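The sequence and structure come first.

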Amino acid sequence: MENTVVIGAQWGDEGKAKITDLLAENADIIIRYQGGCNAGHTVVANGKTFKFHLIPSGILYKNKLCFIGAGTVIYPEVLEKEIEDLKKDNIDLSGLKISPLASVTMPYHIDIDGYSEESAKGSAKIGTTKKGIGPTYTDKISRHGIKVQDLFDIDGLSKKLDIILPLKNKELAQVYGLKTYNKEDIMDYCSKYAEIIKPYLCNDWQKIFHDALACNKSILFEGAQGVMLDVDWGTYPYVTSSNPVAGGACTGSGFGPSVIKEIIGVSKAYITRVGEGPFATELTDEVGEKIRNIGHEFGTTTGRPRRTGWFDAVVAKYGVLVSGLTSMAVTKLDVFDTFDEIKVCVAYKDKRTGEIFDYYPTNVNIHEFLEPVYESHQGWKTDITGMKSYEELPVNAKKYLKRLEELMGVKISIISVGPGRDQTIFV
Ligand code: GDP
Ligand code: IMO
Ligand code: MG
């Protein structure tokens, strides 16, 4: 397999984990490069459902190296639970490696995220997963973060906390009115976190990466979230705090752009979004409800009902551009099996002026004035969940996919017709 990046091309939950798991069979190294336990990645394999938050979705195969990369943020308490659950299922974790450069979510990050969400009113609410993601990345960028390697350097950590903690406590007490932490408590947390991470800590990652390149090993990069949740390219501020776009695969892994050959965007045949923010094709009627029920659209991490809507080709085309997608994987096509009509948004129209946008307007403030311009497609009214080849698909399903390719300007390389590994058509 060529070195490949798998990213979400919408607002997350596109089925990235299913695609990563499938491609991982032919990869040697699988790297999660950004995000943290805000992600909920579902793999259905051998009749069992696995839900990953931080551990790469390639872990179900033996003899693969699965890295939690430098661009991720790790909340050790969630990681511990994930590890325990996999051990109960007898999954071999000997290939799991954690970058010493990944950032650590501290208890105060969770407190701040929770407080910010609960106290936010109206448009200030982001609808985060409350997993401390924003505050952890904020500290990383402001150079007040704790990295995994700090957990194993007691003296260095102690000196760092002497600088960070007084500032953090001031912020906790005076800005948020939250409880403060004393240094001993934080040192205790850190030693507990070190114990959780220690068996997987990978200090010799440079040697492993050099060898991988020298031996032409296959590398698979697993993105979390999606293009439209990217902190630079998404619907800011209604985004996560990392770079899910393909570029993030380089900054978050330690491999440069020249190593990557394929970039697969994953899109559902429709769109979902959890949390706040613009979503032009959102359906708040019974059609949206039907998609939610048939597609089981409830969050993997938070259980929240996902907002649902028609496929948005403007969003898809934007993702193709900002991530340099070489092809698209379309998942959950089967969810439309009983639909008479399927709509696709091909542009946006400004209700005030009639102006047509066929590119993504990045200023979220104008989205309340935009409405989607739809074209309509006939459903196929056939159960496609057992179909194994492109030829087998009903004519109307093929027409729908062809039209999506045309609108997105990129080929569809994978079609998913159910959650199982064998419910996949490679085109
Ligand atoms: P991710 O975050 O992008 O990995 O996606 P999630 O795991 O959060 O959500 C995708 C959900 O859709 C999971 O429950 C998958 O098992 C399921 N899924 C993936 N592909 C398909 C498909 O083609 N059809 C159906 N019906 N379900 C799918
Ligand atoms: P996967 O990898 C869908 C959303 C949250 C919120 C925003 C910011 O499973 O696709 P955060 O907790 O990151 O600060 O929340 O981002 N969000 C996701 N939505 N799938 C995800 O991950 C998400 N991770 C974060 O709902 O709107
Ligand atoms: Mg998910």
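Q225 counts as buried because its relative accessibility is 8% (buried means under 20% relative accessible area, exposed over 50%, partly exposed in between, with a 1.4 Å probe and protein chains only). This is a predicted model, in which local features need pLDDT of at least 70 and side-chain atom pairs count only at pLDDT 80 or more, while totals for chains, interfaces and linings use all residues. Residues are numbered from 1 along each chain as its sequence is written, chains are lettered from A and ligands numbered from 1 in the order in which they are written, and side-chain values use heavy atoms, with hydrogens and water left out.

**Backbone**

- Q225 is not a glycine, yet has a positive phi of about 55°.
- Q225 is in the loop between strand 9 and helix 8 (helices, H or I with at least four residues, and strands, E with at least two, are DSSP runs numbered from the N terminus).
- P237 lies in the loop between strand 9 (219-222) and helix 8 (248-251), and a cis peptide bond with omega of about 10° joins Y236 to P237.
- N63, also a residue other than glycine, has a positive phi near 60°.
- N63 belongs to the loop between strand 4 (48-52) and strand 5 (65-68), and counts as exposed because its relative accessibility is 76%.

**Ligand 2**

- Around ligand 2 there are 21 residues, of which D13, K16, H41, T129 and T240 come nearest (a residue is near a molecule if one of its heavy atoms lies within 4 Å of it).
- Oxygen atoms of ligand 2 lie 2.5 Å from a polar side-chain atom of T129, 2.6 Å from one of H41 and 2.9 Å from an N or O atom in the side chain of N38.
- Taken alone, ligand 2 exposes 550 Å², and the protein buries 98% of that (Shrake-Rupley method, 1.4 Å probe).
- The shell around ligand 2 has eight nonpolar, ten polar and three charged residues (Ala, Val, Leu, Ile, Met, Phe, Trp, Tyr, Cys and Pro count as nonpolar, Asp, Glu, Lys and Arg as charged, and the others, Gly among them, as polar).

**Ligand 1**

- Of the 19 residues around ligand 1, G15, K16, T42, D334 and S416 come nearest.
- Polar side-chain atoms lie close to oxygen atoms of ligand 1 at D13, 2.9 Å away, at T42, 2.7 Å away, and at S416, 2.5 Å away.
- Ligand 1 exposes 590 Å² when taken alone, and the protein buries 90% of that.
- Helix 1 (16-24) and strand 3 (41-45) are the elements that give two or more residues to the shell around ligand 1.
- By class, that shell of ligand 1 holds four nonpolar, eight polar and seven charged residues.

Key. A polar contact is a pair of N or O atoms within 3.5 Å; within protein, one must be able to donate a hydrogen and the other to accept it, and residues adjacent in sequence count only if both atoms are side-chain atoms.
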